[in-house]
Amino acid sequence: MPEGPSLYLLREEASVFRGKTVRNVVGNAKLDLERMRGRRLKAVRRWGKHLLLEFSDFTLRIHLLMFGSYRIDERKPGPPRLRLEFDNGEISFYTCSARYIEEPLDDLYDWSADVLEDAWNPRAARKKLLAEPSRLVCDALLDQNVFAGVGNIIKNEVLFRIGVHPASVVGQLPSRKLGELIREARQYSFDFLEWKRAYVLKKHWLVHTRRTCVRCEGPIRKLHLGVTNRRSFFCPHCQRLYTAQV
DNA sequence: ATTCATGTTGTGAT
DNA sequence: TATCACAACATGAA
């Protein structure tokens with residue numbers, strides 16, 4: 001479910017409750033849910049993989065983690081982590097992290113780090129990347145402070161698109177390649193978004209979970225790489241390894 | 001049936 | 001004190 005584009009769609013769907021008053025709240029979240037009863041939902045926002053339900057003096061932050069899910073105007077069997085009921089419908093969240101944020105969102109979130117935002121700032125991303133030049137690109141792409149919203153699928157697909165091996169060292173990428181990395185992190189996220197919206201995401205994966213390279217027909221390798229130790233799928237023939245010279 | 005995965009946070013060891 | 005490795009969370013697809 002939950003990379004940035006999926007949260008983008010969730011935000012869109014949940015925005016029907018903007019301006020509505022919470023009539024009832026239930027759930028097993030370890031939060032003072034009563035706090036939201038009778039309160040008006042001021043805005044529905046998103047940053048990276050966070051859904052932000054903003055009230056006048058606090059915000060409910062939902063993170064779907066790996067297995068989280070939600071339903072609008074329908075219910076899964078079993079108790080929700082959290083359900084908000086409004087006059088025009090309801091939204092239920094399952095298996096997610098829910099917490100309150102007390103600070104103004106603009107104080108907490110760097111909107112320019114979100115690859116799906118108008119405020120996205122590729123130059124700031126480049127600067128952050130070059131500040132830690134010894135990192136592997138597979139780790140850097142998952143860094144939410146640099147690429148908020150990018151997840152493991154986007155990571156793998158971006159690296160395939162630009163022909164870069166996931167174990168490449170950030171500081172060893174030619175400047176132009178680094179520019180491609182940054183550009184595709186955003187572009188692929190928008191492609192992901194439209195494919196997800198049309199329920200055709202998986203068939204567009206070129207490398208993630210695949211066994212054969214669509215370009216050279218050679219075998220795809222699968223390794224758990226980097227400090228993040230997440231699955232990296234790559235074609236050793238089509239994706240070049242940029243690494244420190246000995 | 002069992003394994004594993006679109007992710008983050010907290011804890012305890014070093 | 002700071003950093004790091006790993007456990008915990010918990011669902012459903014393959």
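**Charged and polar side chains**

Reply: Glu102 and Arg35 form a salt bridge through their side chains, at 2.8 Å from N to O; the term stands for a side-chain nitrogen of Lys or Arg within 4 Å of a carboxyl oxygen of Asp or Glu. This pair joins distant parts of the chain, 67 residues apart: Glu102 is in the loop between strand E8 (97-101) and H2, and Arg35 is in the loop between E1 and E2. Helices (H or I, at least four residues) and strands (E, at least two) are DSSP runs numbered from the N terminus.

The model is a predicted one, in which local features need pLDDT of at least 70 and side-chain atom pairs count only at pLDDT 80 or more, while totals for chains, interfaces and linings use all residues; side-chain values use heavy atoms, without hydrogens and water. Residues are numbered from 1 along each chain as its sequence is written, and chains are lettered from A and ligands numbered from 1 in the order in which they are written.

The structure contains 20 salt bridges. Another of them joins the side chains of Arg39 and Asp57, at 3.0 Å from N to O. Its partners are 18 residues apart and again link distant parts of the chain, with Arg39 in the loop between E1 and E2 and Asp57 in the loop between strand E3 (50-54) and E4. Arg39 is partly exposed at 24% relative accessible area, and Asp57 is partly exposed at 47%.

Glu194 and Arg197 make a local bridge, 3.1 Å from N to O. Both lie in helix H6 (residues 175-197), 3 residues apart, which is about one turn of the helix. Glu194 is partly exposed at 41%, as is Arg197 at 34%. A further set, Arg75, Arg83, Glu85 and Glu90, is linked in a network of salt bridges.

Asp114 is placed in the loop between helix H2 (105-108) and helix H3 (122-131). Asp114 counts as buried because its relative accessibility is 0%. A polar atom of the Asp114 side chain lies 2.7 Å from the backbone nitrogen of Leu116. A polar contact is a pair of N or O atoms within 3.5 Å; within protein, one must be able to donate a hydrogen and the other to accept it, and residues adjacent in sequence count only if both atoms are side-chain atoms.

DNA strand B is surrounded by 19 residues, the closest being His63, Met66, Phe67, Arg230 and Arg231; a residue is near a strand if one of its heavy atoms lies within 4 Å of it. By class, this surface has 7 nonpolar, 6 polar and 6 charged residues. In this count Ala, Val, Leu, Ile, Met, Phe, Trp, Tyr, Cys and Pro are nonpolar, Asp, Glu, Lys and Arg are charged, and the others, Gly among them, are polar. At least two residues each come from E4, helix H5 (152-161), strand E9 (221-225) and strand E10 (230-234).

Sugar or phosphate accounts for 63% of the atoms of DNA strand B within 4 Å of the protein, and bases for the rest. For Arg231, a polar side-chain atom lies 2.3 Å from one. For Asn152, the distance from a side-chain N or O atom is 3.1 Å. For His63, a polar side-chain atom lies 3.4 Å away.

Around DNA strand C are Phe67, Lys76, Arg81, Thr95 and Lys202. They divide into 1 nonpolar, 1 polar and 3 charged. Lys76 has a polar side-chain atom 2.7 Å from a phosphate oxygen of DNA strand C, and Arg81 has one at 3.4 Å.

Methods. Buried means under 20% relative accessible area, exposed over 50%, partly exposed in between (1.4 Å probe, protein chains only).
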